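This briefing sets out how one protein model is put together, topic by topic. Please read it with the sequence and the coordinates at hand.

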Amino acid sequence: MPEPSVKVPFFRPELNDAEVAEVVDTLRSGWLTTGPKTARFEKEFAQAVGADHAVAMNSCTAALHLATVALGLRPDQAVLIPTMTFAATAEVIRYAGAVPILVDCDPVTLALDLADAERKLEALGRGDLPEAIDRELEPVGLIPVHVAGLMLDMHAVSAFCERHNLWCVEDAAHAFPAAWRPADGVESDWQRCGEGTSHVSCFSFYANKTLTTGEGGMATTDDAELAAQMRSLSLHGLSNDAWGRYSSKGAWDYRILAPGYKYNLTDIASALGLHQLARAEEMRLQRKAVAERFSRELAEVDEIELPSDPPNRIHSWHLYQIRLHLDRLDIDRDTFLEKLRERGIGFSVHWRPLHLHPYYREQFGWRAEDLPQASAVWCRTVSLPIFPAMTYAEISAVIGAVKDLCRVHRRR
Ligand SMILES: *Cc1c(COP(=O)(O)O)cnc(C)c1O
């Protein structure tokens, strides 16, 4: 195999001069940790998603954790989460000693399947879940994930939560900016991710997410009480933050209200966030253009299925996931990935489902057949490179490699 002429990374962050200058300004300002820039970032982010409150944290995992703490999650409780997600969605439930009940996914969108969530709740009542999951557990919440940045139908999610008396915390790590409306909706029905329906929405600003602060996250909510609790818990459970204590008008005294955590976001990170936020829609449109070119030029390749992009969604295009038709190829997914690598194309897989990881399998006894859709589809999924600064030649290289692999390995 000759050296590929164009190498394409899975993701390449691209920070502009204004972002670099803002960070330098912060470094020279005399205030490095949580302060005025974080306060501004929170305010502007809340406005951008249409939420009343935003609390900046040092990761989305921290935001998910404090959302569940503020909602009072306890060890004898259970929370429904998709098995098709990242480690973070589940581990925050374990921090409380509570139990994640894994829910299967839609085979096309890979999103949490509410019908299976219903089945899992019924099974819990009958004691039909894996033995390690106690039927005495009280189901209290749902954490849906907007996989790749394609939002779930939030009316269906809210109706489900209301029917079962569950709180809802969105894992919106992929979903900024994103929006949805009902299939029969009108223009005024558009609702942004973070606007309304759930108790808390948690966003990620990790290095390769749609908005980055290197590491960082944000919890948004319309509930002032939840916001105040998360804010205090994010800084040792104190009654006011460092900026409040040390700035000229601040009070030096504080009270410890709870054994909190150290989850606050620095002003160095927020400096980046402010500028990334201002061009978030521009970057989304750049990713959308990449996705549209993929979908146009890969449409005739019979060996793969493309991600859906329904008209009643504004897709963030954090990921572009294809699904291989393994019955039409003479190689499996892992070999497909190896061959992509040989051709200089970066990739990722989202995800090996939670029930197929040692911890969740051994701790709770989940078996592949408990979550059949996720068990089957994960062996077919490939995430292709997609990022705002992708060049025309890089997009061409990805399309060329996928087409070539499918042609060479077409099952005859
Ligand atoms: C990235 C990610 C997280 C965690 O975000 P961090 O900011 O790294 O903590 C949580 N959930 C999903 C679905 C993710 O992709």
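Which residues does Phe41 touch, not counting residues up to four places away in sequence? They are Phe205, Leu211, Thr213, Met218, Leu265, Ser270, Gly273, Leu274 and Leu277. The model is a predicted one.

**Nonpolar cores**

- The largest nonpolar core has 82 residues, and Phe41 is among those that touch the most other members, together with Phe45, Met57, Leu80, Leu142 and Phe203.
- Helix 3 (residues 60–70) contributes the largest share of this core, namely seven residues.
- Because domain 1 (17–278) and domain 2 (280–408) both give residues to this core, it lies between them.
- A second, separate core consists of 31 residues, including Val290, Leu324, Leu340 and Ala401.

**Domain arrangement**

- Across the two domains, 51 residues of domain 1 are in contact with 37 residues of domain 2.

**Ala280, in helix 10**

- Ala280 is part of helix 10 (residues 280–297).
- With a relative accessible area of 4%, Ala280 is buried, because the cut-off for burial is under 20%.
- Leaving out residues up to four places away in sequence, Ala280 touches Phe176 and Pro177.
- Ala280 and Thr212 are separated by 68 residues in sequence, and their C-alpha atoms are 9.9 Å apart in space.

**Helix 4 and Thr89**

- Thr89 is located in helix 4 (residues 87–95).
- Is Thr89 buried or exposed? Thr89 counts as buried, because its relative accessibility is 0%.
- The buried residues of helix 4 are Ala88, Thr89, Ala90, Val92 and Ile93.
- The cover over these buried residues of helix 4 includes helix 3, strand 2 (77–82), strand 3 (99–103), strand 5 (167–171) and helix 12 (358–364).
- The side chains of Thr89 and Thr85 are joined by a polar contact of 2.6 Å.
- Apart from its neighbours within four places in sequence, Thr89 is in contact with Leu64, Ile81, Ile143, Val145 and Asp171.

**Largest pocket**

- The volume of the largest pocket is about 480 Å³.
- This pocket is lined by 25 residues, of which Phe86, Ser204, Tyr206, Asn208 and Lys209 are the closest to its centre.
- Helix 3 and helix 4 each supply at least two residues of the lining of the largest pocket.
- Helix 3 gives the most to that lining, with three residues.

**Cavities**

- How many cavities of 30 Å³ or more does the structure hold? There are three cavities of 30 Å³ or more.
- The largest cavity has a volume of about 120 Å³.
- Among the 13 residues that line the largest cavity, those closest to its centre are Val108, Thr109, Ala148, Pro307 and Gln321.

Key
Residues are numbered from 1 along each chain as its sequence is written. This is a predicted model: local features need pLDDT of at least 70, side-chain atom pairs count only at pLDDT 80 or more; totals for chains, interfaces and linings use all residues. Side-chain values use heavy atoms; hydrogens and water are left out. Helices (H or I, at least four residues) and strands (E, at least two) are DSSP runs, numbered from the N terminus. Buried means under 20% relative accessible area, exposed over 50%, partly exposed in between (1.4 Å probe, protein chains only). A polar contact is a pair of N or O atoms within 3.5 Å; within protein, one must be able to donate a hydrogen and the other to accept it, and residues adjacent in sequence count only if both atoms are side-chain atoms. Contact means heavy atoms within 4.5 Å. A nonpolar core is a set of buried Ala, Val, Leu, Ile, Met, Phe, Trp, Tyr and Cys residues joined through side-chain atoms within 4.5 Å. Domain bounds come from an automatic or database domain assignment. On a 1 Å grid over the protein atoms alone, a cavity is a set of points where a 1.4 Å probe fits but cannot get out, and a pocket is an open set with protein on both sides within 12 Å along at least five of seven lines; lining residues have an atom within 4 Å of a point. Grid points are joined across faces, edges and corners, and a volume is the space filled by probe spheres set on the points.
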